[in-house]
Amino acid sequence: MKETRNGMLIVISGPSGAGKGTIFKKLLASDESLSFSVSVTTRGPREGEVDGVDYFFIDQAEYDQLVAEDAFLEHATVHGNSYGTLKSQVQRIMDSGKHVVLDIDPQGAREVMRQQPDCVSIFILPPSYAELRKRLYTRNTDDPVEIERRLGNAKGEIDLMHLYDYAVVNDDLETAYAQVAAIVAAEKQRTTRYFPVVE
Ligand code: 5GP
């Protein structure tokens, strides 16, 4: 069977604490046809994070330069730091024949959806606000003021869920991951990007 496929751009987003990062990592580890675009950020590296692998860690002047050069597919300020998806990274992955997956905040996701309407957008939801609050406190990476700010943002982000192609509730990680993997599997078979040749 001869077949060709066009690469797709998959956007995984959702409120802080919904678990999109965990699902994203699990998805990438399970499917070799997927690759992720290394984002740029102005926040400092956390312990164990490697420059060029987890993020490109840059300062504000370098970031402003990239904005001026129109280097970003999308960029946004998230929880006080600047983040951006480089067009060059996305292009490099597409050229390698893989599908690109982005784990980005809802502002960035909406920008990608505007720029690339044929992307596949997946919104990850928490099962409840109470559970989201619990996860943010358990994660222990932010102070209570920051957590309450993120919870406030979550309400507005969830209100805009209808802008995405798919919604997945992350109540149980395995179930949510399986649903995301099923969406990706189905999207790969779309006749707009999959071209089997029957001989
Ligand atoms: P963290 O700093 O904890 O790695 O990520 C914080 C938030 O920034 C997460 O919600 C993550 O999805 C988001 N993020 C990471 N990279 C990008 C990016 O390139 N663009 C946007 N808009 N958000 C990003």
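Me: Which residue in β7 does Val40 stand opposite?
Reply: Val40 stands opposite Gly84 in β7. Please bear in mind that this is a predicted model.

Me: Which strand is joined to β7 there, and by how many bridges?
Reply: The strand is β4 (residues 40–41), which is joined to β7 by two bridges, and the two run antiparallel.

Me: And how does β6 pair with β7, parallel or antiparallel?
Reply: Strand β6 (residues 72–78) pairs with β7 in the antiparallel sense, over six bridges. Within that pairing, Ala76 has Tyr83 of β7 as its bridge partner.

Me: Is β7 mostly covered or exposed?
Reply: Strand β7 (residues 81–86) is mostly covered, with five of its six residues buried.

Me: What about the turn between β6 and β7: how many residues does it have?
Reply: The hairpin has two residues between the strands, and His79 takes a positive phi near 50° there.

Me: Why does that phi deserve a remark?
Reply: Most residues other than glycine have a negative phi. His79 is not a glycine, yet its phi is positive, at about 50°. His79 is also partly exposed, with a relative accessible area of 27%.

Me: Where does Asp70 lie, and what is its phi?
Reply: Asp70 lies in the loop between α2 (60–68) and β6. Its phi is near 60°, again a positive value in a residue other than glycine.

Me: Changing topic: in what order do the strands of the open sheet come?
Reply: The order is β3-β8-β2-β9-β10, five strands in all, and the pairing is parallel. At the edges stand β3 (34–36) and β10 (166–169); each has a single partner strand, so one side of each is left without a neighbour in the sheet. On average, neighbouring strands are turned by 25° against each other, direction ignored.

Me: Which residues stand opposite Val100?
Reply: Leu9 has Val100 of β8 as its bridge partner, and Ser35 also stands opposite Val100. As for burial, β8 is mostly covered: four of its five residues are buried.

Me: And what happens at the β9 end?
Reply: Strand β9 (residues 120–125) is joined to β10 by four bridges, and these strands run parallel. Ile124 stands opposite Val168 in β10.

Me: Which strands does helix α3 touch?
Reply: Helix α3 (residues 87–95) packs on the sheet and touches β2 (9–13), β3 and β8 (99–103). Its direction makes about 145° with that of β8. Helix α4 (residues 106–115) also packs on the sheet, touching β2, β8 and β9, and its direction makes about 155° with that of β2.

Me: Now the helix pairs. At what angle do α1 and α7 cross?
Reply: The axes of helix α1 (residues 20–30) and helix α7 (residues 173–188) come within 10 Å and cross at roughly 55°. The two helices are therefore oblique to each other, and their crossing is right-handed.

Me: Which residues make that contact?
Reply: From α1 they are Thr22, Ile23, Lys26, Leu27 and Ser30; from α7 they are Leu173, Glu174, Ala176, Tyr177, Val180, Ala181 and Val184. Eight of the contact residues are nonpolar, two polar and two charged.

Me: What about α5 and α6: how do their axes cross?
Reply: The axes of α5 and helix α6 (residues 144–159) come within 10 Å and cross at roughly 145°. This crossing is right-handed as well.

Me: Which residues meet there?
Reply: On the α5 side they include Leu132, Leu136 and Tyr137, and on the α6 side they include Ile147, Leu151 and Ile158. The contact divides into nine nonpolar, no polar and five charged residues.

Me: What is Arg135 in contact with?
Reply: Leaving aside neighbours within four places in sequence, Arg135 is in contact with Gly17, Ala18, Pro126, Pro127, Asn170 and Asp171.

How values were computed:
Residues numbered from 1 in each chain as written. Predicted model: local features only at pLDDT ≥ 70, side-chain atom pairs only at ≥ 80, totals over all residues. Heavy atoms only, no water. Pairing = 2+ DSSP bridges. Axes fitted to C-alpha atoms, helices over the stretch in contact; angles between N-to-C directions. Contact = heavy atoms within 4.5 Å. Parallel < 35°, antiparallel > 145°, perpendicular 65-115°, else oblique. Left-handed = near helix turned anticlockwise from the far one by under 90°. Nonpolar A, V, L, I, M, F, W, Y, C, P; charged D, E, K, R; others polar. Buried < 20%, exposed > 50% of the residue type's maximum accessible area, 1.4 Å probe, protein only.
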